Amino acid sequence: VAVTGSSGVAAAAGLYRYLRDFCGCHLSWSGAQLRLPDPLPRLPAEIRATTPNRYRYYQNVCTQSYSYAWWDWARWEREIDWMALSGINLALAFAGQEAVWQRVYLSLGLNQSEIDAYFTGPAFLAWNRMGNLHGWAGPLPRSWHLKQLYVQYRVVERMRSLGMITVLPAFAGHVPQGVLRVFPRVNATRLGGWSHFDCMYSCTYLLDPEDPMFQVIGTLFLKELIKEFGTDHIYSADTFNEMSPLSSDPAYLSRISNAVFRSMTGADPEALWLMQGWLFQHQPDFWQPAQVRALLHGVPLGRMIVLDLFAESKPVYQWTESFYGQPFIWCMLHNFGGNHGLFGTVEAINRGPFVARRFPNSTMVGTGLAPEGIEQNDVVYELMNELGWRQEPLDLPAWVTRYAQRRYGAPNAAASSAWLLLLRSVYNCTGVCVNHNRSPLVRRPSLHMDTQLWYNASDVYEAWRLLLSAGAALGSSLTFRYDLVDVTRQAVQQLVSEYYVSIRGAFQSRALPELLTAGGVLVYDLLPELDGLLSSHSLFLLGRWLESARAVATSDREAEQYELNARNQVTLWGPSGNILDYANKQLGGLVLDYYGVRWSLFVSLLVESLNSGSPFHQDQFNQAVFQVERGFVYNKKRYPTVPVGDTLEISRKIFLKYYP
């Protein structure tokens with residue numbers, strides 16, 4: 001069988017299509033099933049596939065921190081292979097930019113301490129780059145810059161060799177405070193605080209786009225970057241990510257986008273600006289049609305590509321006349337904060353791109369994946385990647401049945417039935433769906449927690465039963481074991497909500513025995529069982545995340561700093577729980593020592609309240625539990641990086657105890 005393509009990516013996508021559709025193979029973040037038939041199947045005739053999309057885009061500026069923060073070249077190489085096989089041809093190449101900025105700042109006359117006060121730590125760089133934060137969990141050691149430069153060289157070289165277009169960062173207008181010392185007459189404005197951060201770590205300076213220094217700095221940075229890494233002429237900059245501009249005057253907004261674009265063309269006359277369209281749906285009160293049009297029309301038509309970032313739930317093209325003529329990419333955002341939790345909007349993504357292409361005067365030029373965090377819900381990404389090459393929607397039940405067979409390497413009636421149940425329940429959120437895991441399991445306990453689901457809980461319990469029944473036949477498949485952990489985890493997450501409702505009911509009706517029973521089961525059995533389940537699979541280990549952070553370090557001090565970065569991001573997200581639990585994960589070690597300890601304190605304070613007859617005060621609990629949360633970030637405990645226990649046995653044990 002010969003596979004050819006118009007580019008390396010097209011050929012790779014053709015190869016994966018052959019492996020998938022004719023050899024029954026499967027490749028995903030959680031594992032591969034590559035048992036090839038012998039002999040290889042011959043094709044009855046030549047198969048030609050074309051895509052209606054110029055671009056298949058991948059990544060989100062936040063993914064750089066939530067998922068890629070600690071990646072080495074070996075992990076990047078695997079990802080780029082997956083990207084090529086998935087047909088992705090446009091992606092961000094953001095590593096190493098701080099090393100270039102450092103050079104530019106020093107050449108402008110800033111000193112090292114001013115630069116150190118500006119850069120955040122590695123786990124928070126995404127928000128430093130967008131002007132949301134400075135200094136938090138920093139500074140960046142010199143070794144960090146060197147390692148990131150090395151990674152970036154390898155990444156851009158490999159992506160380009162496969163025919164992918166790399167997107168480099170550009171200047172969005174945010175500057176360190178040191179720029180005001182060196183250029184006291186420069187016109188810069190201090191933005192407000194971002195997301196519960198005060199000005200100690202937020203309130204960045206935004207250079208006035210009309211100030212001549214805007215062009216000087218922007219062009220200097222981009223020229224230096226291009227000298228270092230070459231260019232494919234597409235650049236990304238986000239000036240107002242979750243931050244309001246100083247004025248809603250359309251003329252002002254046009255001048256800003258024009259200044260950003262001119263700073264790109266000053267270094268590269270062929271520059272195209274790729275912009276995340278998140279701001280338009282995040283602050284719709286500010287971004288009325290006149291404001292959106294002004295920002296977009298500050299750049300010549302066709303010289304900007306807008307990512308309609310959350311198009312599966314909140315498409316922007318529909319109320320902006322297809323971005324007023326600027327090309328756009330229909331993106332599935334899907335995941336926030338890299339949270340675990342089964343979730344998808346399969347109906348919306350199966351129809352959405354085709355509806356967008358038929359929109360009056362549509363300027364759609366591609367489809368994209370824009371998750372904040374990866375390595376979760378493989379099925380949704382496999383589906384979206386396939387849709388990028390399709391001319392019309394897929395038959396989803398038939399598709400997911402084949403998916404299960406390919407993923408596990410054998411047909412299995414119970415596994416197929418389980419996947420059909422998951423498809424119609426957790427994976428079919430309709431309406432405006434925002435996938436933040438708000439389960440009581442991963443949130444700070446209170447008496448007012450949200451336990452609502454967008455699906456039938458019984459479908460997940462039944463899918464769990466069916467998958468377990470397939471264990472004897474499919475237990476040797478690594479992808480099956482991963483899915484069994486994930487579905488059991490989802491079932492336990494539901495059970496936690498049920499116990500929480502019992503705990504709250506018992507407390508409100510002052511029933512101490514019932515409170516002790518439900519609280520005791522949750523804290524002393526269910527959560528430890530979940531921790532044991534997660535600890536049985538390498539991809540659900542807290543130790544893996546922490547050790548990957550430590551592995552980047554070149555000294556004990558760096559290792560400690562990086563580990564604190566990694567721990568803080570998945571828990572407090574800031575010095576005082578500023579964005580608490582936004583990036584929650586369900587990992588072996590984290591469930592027991594963080595969520596479990598929190599629940600234990602909550603239950604014991606409720607019991608104490610009933611015993612003493614004094615009311616439960618949420619604010620007092622919050623102060624006490626903050627010490628527990630902070631204690632976890634600083635506990636210095638080393639967590640295992642190797643799984644323990646048999647996933648099938650542990651899942652079966654939990655099932656026999658708890659299956660409703």
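Residues are numbered from 1 along each chain as its sequence is written. Because the model is predicted, local features need pLDDT of at least 70 and side-chain atom pairs count only at pLDDT 80 or more, while totals for chains, interfaces and linings use all residues; side-chain values use heavy atoms, leaving out hydrogens and water.

**Domains and core**

Let us start with the overall layout. The domain assignment gives domain 1 (93-299) and domain 2 (437-658), with bounds that come from an automatic or database assignment. Their C-alpha centres lie 37 Å apart. Their contact (heavy atoms within 4.5 Å) takes 19 residues from domain 1 and 15 residues from domain 2.

The largest nonpolar core has 236 residues. Such a core is a set of buried Ala, Val, Leu, Ile, Met, Phe, Trp, Tyr and Cys residues joined through side-chain atoms within 4.5 Å, where buried means under 20% relative accessible area with a 1.4 Å probe, protein chains only. W70, W127, F280, W330 and W573 touch the most other members. Helix 20 gives the most to this core, with 13 residues. At least three residues come from each of domain 1 and domain 2.

**Aromatic rings**

A search of the whole structure finds 56 aromatic pairs. Rings of Phe, Tyr and Trp (its six-membered ring) pair if their centres lie within 6.5 Å, and planes over 60 degrees apart count as edge-to-face. Y408 lies in helix 16 (residues 396-408) and F480 in helix 20 (residues 478-508), so the pair ties together parts 72 residues apart in sequence. Both Y408 and F480 are buried. Helices here are DSSP runs (H or I, at least four residues), numbered from the N terminus.

W127 also belongs to a cluster linked by ring pairs, together with Y66, F124, W136, W194, F197, Y201, W573 and Y582.

| Charged residue | Ring | Distance to ring centre |
|---|---|---|
| R75 | W71 | 4.0 Å |
| R567 | F632 | 5.1 Å |

**Helix 7**

Helix 7 (residues 142-161) has 20 residues and reaches 29 Å from its first C-alpha to its last, close to the expected 28 Å. The expected span is 1.5 Å times one less than the number of residues. Among its buried residues are W144, H145 and R158. After helix 7 comes G163, whose phi is positive, near 85°.

How values were computed
Phe/Tyr/Trp six-rings, centres within 6.5 Å; stacked < 30°, edge-to-face > 60°. Helix = DSSP H or I, 4+ residues; strand = E, 2+ residues; numbered from the N terminus. Buried < 20%, exposed > 50% of the residue type's maximum accessible area, 1.4 Å probe, protein only. Lys NZ or Arg CZ within 6 Å of the ring centre and 35° of its normal.
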